Amino acid sequence: MDDSNSHSALSESMDIASSSLCQAHKISLTRCQPSSPVNSCSLTFTGFSLPQISAPCLAKCRRKGTSSGFVRACVAVEQKTRNAIIRIGTRGSPLALAQAYETRAKLQAIHPELTEDGAIHIEIIKTTGDKILSQPLADIGGKGLFTKEIDEALINGHIDIAVHSMKDVPTYLPEKTVLPCNLVREDVRDAFICLTAASLADLPAGSVVGTASLRRKSQILHKYPSLAVEENFRGNVQTRLSKLQGGKVHATLLALAGLKRLSMTENVASVLSLDEMLPAVAQGAIGIACRTDDDKMASYLASLNHEETRLAVACERAFLETLDGSCRTPIAGYAAKDEEGNCFFRGLVASPDGTRVLETSRKGPYVFEDMVKMGKDAGQELLSRAGPGFFSN
């Protein structure tokens, strides 16, 4: 390849990187406020590692660089990437990046050796769920669409740990991987986002609520049958807010945890109570996986694990696994420690159209084995009560 072609290809790759970095900028319903959390680590976009640089720097590099200079720089950076103590795999959405940065910050706060330049490298991996936005998740494979490629990178040794939103993680983990760590859980509730009303109850009959979640759809229609639901309302937080502002729907619901991690709570009209909208299993929880044979990473993750969150998530996922939940199944579940220090669990299944909603609850010791048993028992009860064909109606 001659110098002009090489420089053109590299320039295009840098443009892609600049665009990806810009996705981390905050989009508000009323204004755009840039937020750049890219500090003190390296990131890889489309094969190029970009340590400690911002989008404007990329343009400057393109103007000054030559193809041979970029090749030398890329070789040096790739060498640095290979020498990183921890390589974190994540999706490229602003929320996924925020969760990776939170993980990095917690690791650096505990382990001084990880504060050195280049010690932690963040690898951005595009998943199937990120690539296909025109179809409902259930139609393109359901659970695992946002984790499959990241899990493969972990198993193949391309990354050392994988940071996931726990509600995206299938109940069965891939072979050779383990998920021993949950960070402290954020607020589990859903937020109501609307430019014209303060709550779901205030929306006029016929108003359209956008959501990609059957859990949300079924609970909305059950309580507010006069509303309509646009069920392929997909995209990251910024995309959904832009669609709302553009008038594609009258309102939407988003996880409050994600809005808090993105510092975007100014867009919230109200927060739904747990009685009005029971959350998705593991909503608000970040999970971090590593390979089963990687004792070093397991040790790092053990230092981050928040045991109360891990046990609550285990209870909820046992409930989901018993119901064999998928993206075609409206399921909600939430476990938490009550004032007496016990576990209180609530579970729900619904018909997709919201005409039937079945709920149950359990209370018991806040101990792993007891909580997993509670989740399974609650799932078995609702399976029995729902009867055959319940979810296909």
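By a rule under which rings of Phe, Tyr and Trp (its six-membered ring) pair if their centres lie within 6.5 Å, the count for this structure comes to 1 aromatic pair. F319 and F345 form this pair, with 5.0 Å from centre to centre and 65° between the planes, so that it is classed as edge-to-face, given that planes under 30 degrees apart count as stacked, over 60 as edge-to-face and the rest as tilted. This is a predicted model, in which local features need pLDDT of at least 70 and side-chain atom pairs count only at pLDDT 80 or more, while totals for chains, interfaces and linings use all residues. Residues are numbered from 1 along each chain as its sequence is written, and side-chain values use heavy atoms, with hydrogens and water left out.

**The aromatic pair in its setting**

- The pair links distant parts of the chain, since F319 belongs to helix α11 (residues 307–322) and F345 to strand β16 (residues 343–350), 26 residues apart; helices (H or I, at least four residues) and strands (E, at least two) are DSSP runs numbered from the N terminus.
- F319 counts as buried because its relative accessibility is 0%, and F345 counts as buried at 0% as well, where buried means under 20% relative accessible area, exposed over 50% and partly exposed in between (1.4 Å probe, protein chains only).

**Charges over rings**

- The charged end of K243 sits over the ring of F233, 5.5 Å from its centre, a label that requires NZ of Lys or CZ of Arg to be within 6 Å of the ring centre and within 35 degrees of the ring normal.
- The charged end of K337 sits over the ring of Y366, at 4.7 Å from the ring centre.

**The two sides of helix α10**

- In helix α10 (residues 295–302), the residues M297, Y300 and L301 are buried.

**An open sheet**

- An open sheet of 5 strands has the order β11-β10-β12-β9-β13 with mixed pairing, and two strands pair if DSSP finds at least two bridges between them.
- The edge strands, each pairing on one side only, are β11 (228–230) and β13 (270–271).
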